[in-house]
Amino acid sequence: MNKETMDKIGLSKYLENGVIKTPDNCTKICVDVGLSETAPNSAVWMKNDPRRCVVGIEPLEYNWGKLNGTDGTEEPSIESVDGKELEHYGTDFTAGYPAIRTKSQSVYTTVDGTGERTLIKDKFYGLQCAIDNIDTPEEKLFYHMNEEGSSSLLKPSEKHESSIKKIEKIQCVNLNSILSHIDWEKFKFIEHLKIDCEGHDLEVIKSAEDYLERIVFITYEMSTHNEGHWEGHYNFEDSKHYLTSKGFVPIRYDGGNMVCFNAKLLEESEYDFEFYRIGYIRHRGDAHTPFVINKKTSTVYYADVLFE
């Protein structure tokens, strides 16, 4: 990826000596592809563990208006957090789900009109682009749908339940070109890659290329409800076969999202992992949350993805 493209998608501003600069207290990094208006999975990750930072990828300018918290309103309100007077932008959160607002550098949780704010200063790195399995960056048409969270690089079929709001030209890059700028000396692994790209998830996974072996958990949309909504929607069996061929095993599926674990990390290797499972109650109901412990560093990696 050349500098012009890095500038265009917003990557350059996060780089120092060619890698994304992260706070010293961040020991884990996640990647969230497809944020929609609130980036709830990124929000859950950073709310659950202050040692995390997140690379968030979203192509639509409209959604970034929501994520920034401005949405046409540039004047902030003033809010007191931990005894400090802080600016606050945007209040239109999806009730019950955590939401990121980048201009406030915060995660907000709202339930029944009440809210909680968690500061995420310098821990979220937002990139405006789409991910595709391409060799070099290029602009492509993107189908911006009226229904929140249902837009895609793929053309909607007659079966799709929403209508096209706008067809936009957006910048596409492969995931490998972004992951190459992670500080691998510091992080060693990506804790979690989450993908919600409306029928295009498998191509996103493939575009990570050799970095797949450095990812602990992958969650991608495999919704039986959405199957057939897009022209060129990937085949579910093909996705499972591809990930299995790369050493990943499915550990949870709810009919909408598939969670896979990189079982190669259990083998005798330089990584030297052990794998455990626990269950606990979080955000919405009971969830059995897998985790692994790196015996060399004692770092615990959780698969605490948001299930809707």
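**Exercise 1. Find the strand that holds Ile167, and decide how accessible this residue is.**

*Step 1.* Ile167 lies in strand S13, residues 164-173; strands here are DSSP runs of E with at least two residues, numbered from the N terminus. A word on the model: it is predicted, local features need pLDDT of at least 70, side-chain atom pairs count only at pLDDT 80 or more, and totals for chains, interfaces and linings use all residues. Residues are numbered from 1 along each chain as its sequence is written, and side-chain values use heavy atoms, leaving out hydrogens and water.

*Step 2.* Ile167 counts as partly exposed because its relative accessibility is 45%; buried means under 20%, exposed over 50%, and partly exposed in between, with a 1.4 Å probe and protein chains only.

**Exercise 2. Work out which sheet contains S13 and how S13 pairs with S12.**

*Step 1.* Look for the open sheet of three strands: its order is S11-S13-S12, with mixed pairing. Two strands pair if DSSP finds at least two bridges between them.

*Step 2.* At the edges stand S11 (130-131) and S12 (138-145), each with a single partner strand, so one side of each has no neighbour in the sheet.

*Step 3.* Eight bridges link S12 and S13 in the antiparallel sense. Opposite Ile167 in S13 you will find Tyr143.

Key
Helices (H or I, at least four residues) and strands (E, at least two) are DSSP runs, numbered from the N terminus.
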